[in-house]
Amino acid sequence: MLRFIRGLLTLIVVLVLVVAAVAGGGFVFLTRRAFPQSDGTVQVSGVKTPVKVVRDTNGIPHIYASNVHDLFFAQGYAQAQDRLWQMEINRRGIAGRTSELSPSKSSLEADKFVRTLGWRRAAEADYEGLDDEAKVILQAYAEGVNAYIGAHENNLPLEFLVVGAFGSQGLNYKPEPWTPIDTLQLAKYMGWSLGGNYDLELTKAQILAKFGPDQGQAVLADLYPAYDYQARPIIVPPDVSWQQVPSLAAEVRDIEASLGIERGRDIGSNNWTISGSRTTTGEPLLANDPHLGIQMPSIWYFNSLHCQPVAAECPFDATGAVFPGAPGVIIGHNAKIAWGVTNVGPDVQDLFLEKVTDQQYEYKGKQVDLKIVLETLTIKGQLPAGYVPAANESSEYDGATNTTKITLNVRYTQHGPLLSDVDADTARAGGDQYAVALSWTALNAPEQTLNAALHIDRAQNWDEFRAALSMWDTPSQNFVYADVEGNIGYQMPGRIPVRAKGDGQLPVPGWTGEYDWTSYIPFDELPRSYNPLQGYIATANNAVIGPDYQHFISMDWDRGWRARRIVDLIEAKDKLSPDDLAAIQGDSLNLSAQDIVPYLDGIAVTGDAQKMLDAINGWDFVEQRDSVGASAYQVFWLNLLRNTVDDELGDLASDYVNGGDLNRVALINLLAKADSKWWDNTTTSAVETREDVLKKSLEDAAAQLVAELGADPAGWKWGKLHTATFKSQALGDAPVSFIFNRGPVEVDGGTATVNNTGTGGNFSKAYTIPPAKLNAIFAERTVPSLRQIIDLGDLNASRFIHTTGESGVPTHPHYDDFIDKWRNIQYVPMWWAEADIKAHAEGTLTLTP
């Protein structure tokens, strides 16, 4: 009966939404009820003095307060006005509580994985280590969020109604009060997304298991070539004080497990800072565009924070982007300095094979008790069909409340949680003999990343900026810097482990202690640069340092095509303007294709394959949405990759093709070797050549393009395959998602361009049965999530854009008003001066006690 009633309620909600959408006015009513009040005066319990929230014509809130508490209270209030649902679904996912909304096999497994990692437990430890000032700011921010929730329980965003009706919370779904831990756990999620290589460890282990130790090492050398330090830029060139260290070789080669993961590695970012000696303004310029997952609404929230007056007791005066759910500014500028970030990609995750017996594990010849942490999940109804409980969990169903309580025993060794208890991929790395623990810097000790961000916001010079970054732990970032005094700089922060042995490239024995982490690289020994002679610093996830640097940071740098292109464009002009920086951010030239296309010379094909070859040969290597050559090349590239590795790698191929720059370098190296064994198709009796593979790849690509876009090459435009669809978090493709989703829209760029509109892990879709369509394989999965250009000579002339719009409320004018600007490399003003902000205001809201 309960299921029938709930199903009926769900049907009613869907019908109401559909009818309302068709009727127009009803739909607007349902969504407008959550529109933020942007004008007038609101009395709220919690503020000490009146606070002004001035929203400009793009909906950006500029907050003016006389004290720190009220400043961050108002920031929490404003973010909740615009992005409350996004904040809610993010905190549930990061805390491992999505199954509470809608229990399913996949949501339960995801929650158990997150609970085992312990992001929220780590955030709780971080909170205890913060100083009183940071705690006050976090608490003030939470109070602001809760003040908004408390006053708007009856007009929450539409998603609460929809998800409640479809899921377990019911039509009266209300968010719980916001807490400081909800904010701090965001850093753990971002650290996981950006800060490690455990998935690559699993892939490499799987290849060794398939090919055996000796042949496997040769295969790894072909498939994962080293960074080309001669042809690609290094962020911080070698210093005479750096000492050469011997190359580190992987030690463990006897893994016999079979592993399988599907994670794309095209995520990245660009930033650069240019000295006034190289700019048309005579002052530094700083540009940044972080590349993150596509979603609706944007992953970023733009705001400015102004103490009035700025003084020691209220020192904040900054503007820029932040993640919804967090106080302060992550990327932006204050009155004196500007900064931007890209991901370093350091190796801060290691997998340890552990000998576990009952509730103990072996370590250095002794039996040590496992640490057990209990995690409980409560879901509506009984366990979902098809769900198989892990060995370390138990459950109990309560018929009176129609709920199931799941108890998860998270087991720890001294290296970290046993991820193999809940993750099949990791478990296969240990086989039947070993459990597998994960060591990760973000879990090993309390961190100060939030404190670092708040100190960056008020830093006034290079020394204060570096002092703030000395507190930054996870995820490690390439910070570029510029100030109004004309200085530019670079600093890499973060906790990077020093290993007693090994290089973290493969799972290693945990019971010996030989591969343990002994310390972290001291901050003053991390790479940095200040006012370099060349007059600029550029980063694009490429190698931070050369092979002679005294510490090991990573082997997994982006292979440097974006960095090469950015440096080439910077050096192409004596003086660069802000418009030049915008053109660089929108540059869609595919440098890697220039290394591959020449090998098509002399390949004889006919029919549609000849059309394909003609389109590629006539292409200017720019991946614009109206380009026929870009489509032809990209589909050819996918087939060349598959026709080269599929036969040797077998079921491992679908993972490898998602390798981003790594597989581009590998194929270019192999193309230079006409006699490479990789060209022979091991599934046939013939001996194929490089030219055979190139010809077949043209023919296969032509057949696929013709099947999807027709025989006329004029219709093979890149924008028909390469699109951006901004999907609502949690709702995705649900029946009512049309209300929340936007797109698809055609976009320029690709995974190997500065305008890095990446397909991420989509290449694995080519292996589904039946294979996905090309427009699904080449759809955007990662995007330049924010573009920002800061003019240190005139801060008010700075500009930015993020992907969708400031609001998270469908039908709001600022829900999707950035999309066309974003895809066309256009910007909106980053107003700084109070007079200009007021002159371009669409409303001023005053929060009073």
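**Exercise 1. Find the residue in β13 that is the bridge partner of Q360.**

Start at Q360 and look across to β13: the bridge partner there is D369. Keep in mind that you're working with a predicted model. Next, zoom out to the two strands. β12 covers residues 360-363 and β13 covers residues 366-369. They pair in the antiparallel sense, over four bridges. Finally, check the turn. Two residues sit between the strands of this hairpin, and K364 takes a positive phi near 55°.

**Exercise 2. Work out how E88 and R91 are placed in the chain, and whether they are buried or exposed.**

Step one is the contact: E88 and R91 form a salt bridge, with 3.0 Å between the closest N and O atoms. Step two is the spacing. Both residues belong to helix α3 (residues 68-95), and because they are three residues apart, about one helical turn separates them. Step three is burial, where the cut-off is under 20% relative accessible area. E88 comes in at 2% relative accessibility, so E88 counts as buried. R91 has 8%, so R91 counts as buried too.

**Exercise 3. Take the salt bridge between E133 and R458 and say which parts of the chain the pair links.**

First, the distance: the closest N and O atoms of E133 and R458 are 2.8 Å apart. Now place the two ends. E133 lies in helix α6 (residues 132-151) and R458 in helix α13 (residues 449-458), so this pair links distant parts of the chain, 325 residues apart. Then look at accessibility. E133 is partly exposed, at 35% relative accessible area, whereas R458 is buried, at 14%.

**Exercise 4. Locate R411 and D421, and decide whether they are buried or exposed.**

Begin with the contact itself: the R411 and D421 side chains meet in a salt bridge, at 2.9 Å from N to O. R411 is in strand β16 (residues 403-413), and D421 is in the loop between β17 (416-417) and α11 (424-430). As for burial, both R411 and D421 are buried.

Now widen the view to shared partners. Salt bridges that share partners join E88, R91, R92, R97, E100, R120, E176 and D182 into one network. E88 and R91 from Exercise 2 are among them.

**Exercise 5. How many salt bridges does a search of the whole structure find?**

The search finds 36. The general idea behind them is simple: side chains of opposite charge can pair when their charged atoms come close.

Definitions and conventions:
Residues numbered from 1 in each chain as written. Predicted model: local features only at pLDDT ≥ 70, side-chain atom pairs only at ≥ 80, totals over all residues. Heavy atoms only, no water. Pairing = 2+ DSSP bridges. Salt bridge = Lys/Arg side-chain N within 4 Å of Asp/Glu carboxyl O. Buried < 20%, exposed > 50% of the residue type's maximum accessible area, 1.4 Å probe, protein only.
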